[in-house]
Amino acid sequence: MNERMSGEALLAAAARGVKGGLVRLQLGQAKPHWSPDGGFLALLDCTPELFARTQGGDPWFFLGAQGRRLAARKLARARRAGRVQADFPCYTPAGQLRWLRWCGVLEAPHRWRFFCLDIGRWRQMQRELEGERERRQVLLRCTDGLAFEYDGAEDVMTFCDRRPGRAGGGIWRAEGYLAALEGSGCPGTADFAAICRGKSAGPAEVRLEGRAFPGHEGGWFSASGAPVEGPGGRTCVLGVLRDISAHKKETQKLRSRCCRDPMTRLYNKLSTAEAVDGYLQGPCRGSSGALLLIDLDDFKGVNDRYGHQFGDAVLTEVSARLRANFRATDIVGRVGGDEFVVFMKDAAAPVVGETVERLCQLLEQELPSRRGLSVRGSIGVALWPRDGASYETLFAAADRAMYEAKRAGKDRYRMAAGAPVPALGGDRGGEADCPLCLGRLLERATAAPAPEEGVRRVLAALGDALGAHRTYFVWKGEAPLHVWTAPGVAAGLPDGPAAPALLDRVDLQPYYDPAAGLLYCPDAEAAGESAPRFAAFCRARGARAVLQCRVAGGGRLGLLGAEVNGARRYWNKEEVALLKGAARICQLLLC
């Protein structure tokens with residue numbers, strides 16, 4: 001047997017593997033003559049006898065009128081090339097249509113050999129595919145947005161932009177799409193990625209730009225899609241992206257109008273509560289904060305005397321001053337007619353106290369619209385988390401503190417659950433508001449028989465005035481250490497050259513102000529992370545709150561301190577001034 005099969009044997013072998021057959025056509029005689037094999041006869045549902053009998057009357061009986069004309073033209077044109085391929089409509093003796101693909105070779109000047117293949121199913125699939133393609137085109141023409149097709153196996157996204165008036169429209173592809181999408185950081189990418197993976201049908205809002213929308217103008221889209229089976233059994237996701245950028249922008253405007261006070265443009269009552277609670281319950285909250293409730297004093301009189309239009313202008317001016325006095329990250333809202341709320345994020349007690357004092361002074365400034373007129377306010381301050389864990393509890397604590405300030409004479413602030421704070425500014429403060437004035441303190445110190453006794457009297461009077469458990473004064477690196485303690489309280493401090501002089505230590509930030517020479521730490525337990533050595537030193541002697549002042553003179557460095565055991569303590573401006581004055585007196589006595 002020959003190693004190479006003849007062409008006829010190959011065609012016969014191919015015909016046995018598919019639904020097809022071989023047939024020869026002999027021309028150049030009175031009538032054309034067909035010589036079919038069994039496969040060809042099976043294509044036409046015809047027996048050899050019936051085929052021989054039928055072609056005796058009409059050799060072209062199975063082609064029909066259309067097929068005859070088409071075959072004559074094709075064979076005439078293919079004679080020179082010696083081969084032909086064409087699709088002909090053929091008919092069985094019973095009149096049923098069969099579409100056959102004819103692949104022919106001219107074996108001799110008047111003899112053709114054809115291999116015929118049934119392509120009826122293939123043509124049907126082509127028609128269905130064309131219909132599906134046409135329906136998809138109609139859908140795309142009716143969609144005022146972007147159609148997309150995502151191939152998960154290749155991680156390729158194909159976009160078809162049908163948005164009107166968009167530059168760079170048409171069809172474009174992006175390879176490695178999901179990796180670029182998830183690395184873009186755009187809002188909503190997780191939901192859109194789930195749609196692309198076929199895990200969700202949507203709709204989902206997503207912002208596509210940059211790496212997620214390469215080379216094209218991005219925006220907000222509403223995405224929806226569904227998986228479909230593609231060529232070769234591969235599954236892809238088809239979907240639509242509807243451009244909602246204008247709708248999103250309008251919605252944001254409406255939301256801003258709903259959550260903002262229309263006159264002052266601050267947060268309104270509801271949005272203030274939501275913003276504060278959202279921050280307190282969120283993962284990015286700090287370790288401390290404060291809620292300030294500000295109520296303008298006697299504001300009804302301003303409306304009654306100058307009219308509501310002027311009163312509105314005053315409220316607008318107060319709102320502007322609040323925005324100027326606080327950080328952009330703080331939450332500022334108007335919760336009533338003349339009531340405002342400020343939540344200071346990540347603010348320690350010293351910062352809160354300084355900010356509130358500055359706010360009181362800022363409110364007292366003359367109104368630009370009327371010379372000689374200013375507004376005052378009563379302020380209640382609640383510290384988070386000490387006074388509450390939510391907006392409601394913090395507001396209630398600040399509200400009680402604010403009414404305490406009102407009852408104490410207005411135009412001042414009070415800390416929730418804390419001692420009253422004297423009024424600020426002008427001659428309302430001063431020595432008359434202090435439990436112990438510096439003049440009387442100096443008088444007691446200088447009346448002592450010895451400087452050391454004078455220092456002891458200063459420390460005792462200072463401890464009583466500040467409500468401290470322990471006060472002390474020491475020259476750095478020298479002995480002795482002068483200490484006063486409340487009854488039943490141990491000194492807990494080393495004596496001599498080992499006595500503490502902590503104000504020049506770097507780890508005391510943020511409690512130490514080197515310019516003022518002042519250390520203000522209302523809670524040493526909270527200082528563990530930023531000042532671990534200082535916190536350990538306080539913990540060893542039971543001190544919870546520490547206030548210290550540094551003095552220098554004659555090449556020596558001195559330190560006066562007051563400490564409270566067991567509880568946090570916040571000192572006001574007058575108490576800090578008293579400590580500074582006492583430090584100066586001790587310095588003068590011991591120099």
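Predicted model: local features only at pLDDT ≥ 70, side-chain atom pairs only at ≥ 80, totals over all residues.
Start with two helices: H14 passes H17 in a right-handed crossing.

**Stop 1**

Select residues 438-446 for helix H14 and residues 573-590 for helix H17. Two packed helices are described by the angle between their axes and the distance between the axes. Here the angle is about 25° and the axes are 10 Å apart. Angles under 35 degrees count as roughly parallel, so H14 is roughly parallel to H17. To see the contact, show the side chains of Leu-438, Leu-441, Leu-442 and Ala-445 on H14. On H17, the contact is made by Ala-577, Leu-578, Gly-581, Ala-582, Ile-585 and Leu-589.

**Stop 2: helix H16**

Next select residues 532-541, which form helix H16. Which residues of H16 are buried? They are Phe-534, Ala-535, Cys-538 and Arg-541. Look down the axis of H16: these buried residues fall within an arc of 135°, so they line one face of the helix. Now turn to the other side of H16, where Arg-533, Arg-539 and Ala-540 are exposed.

Then step just past the end of H16 to Gly-542, which takes a positive phi of about 80°.

**Stop 3: the five-stranded sheet**

Go now to an open sheet of 5 strands, in the order S2-S1-S5-S4-S3, with antiparallel pairing. Its edge strands are S2 (33-36) and S3 (83-91), and each of them pairs on one side only. From one strand to the next, the twist averages 30°.

Within this sheet, select residues 20-26 for strand S1 and residues 111-118 for strand S5; the two pair in the antiparallel sense over 7 bridges. What is the bridge partner of Gly-20 in S5? It is Leu-117.

**Stop 4: Thr-272**

Finally, select residues 269-281, helix H9, and pick out Thr-272 within it. Is Thr-272 buried or exposed? Thr-272 is buried, with a relative accessible area of 0%. Show what surrounds this residue: leaving aside neighbours within four places in sequence, Thr-272 is in contact with Tyr-267, Ile-331, Gly-333, Val-335, Val-341 and Tyr-391.

How values were computed: Residues numbered from 1 in each chain as written. Heavy atoms only, no water. Pairing = 2+ DSSP bridges. Helix = DSSP H or I, 4+ residues; strand = E, 2+ residues; numbered from the N terminus. Axes fitted to C-alpha atoms, helices over the stretch in contact; angles between N-to-C directions. Buried < 20%, exposed > 50% of the residue type's maximum accessible area, 1.4 Å probe, protein only. Arc of directions from axis to C-beta. Parallel < 35°, antiparallel > 145°, perpendicular 65-115°, else oblique. Left-handed = near helix turned anticlockwise from the far one by under 90°. Contact = heavy atoms within 4.5 Å.
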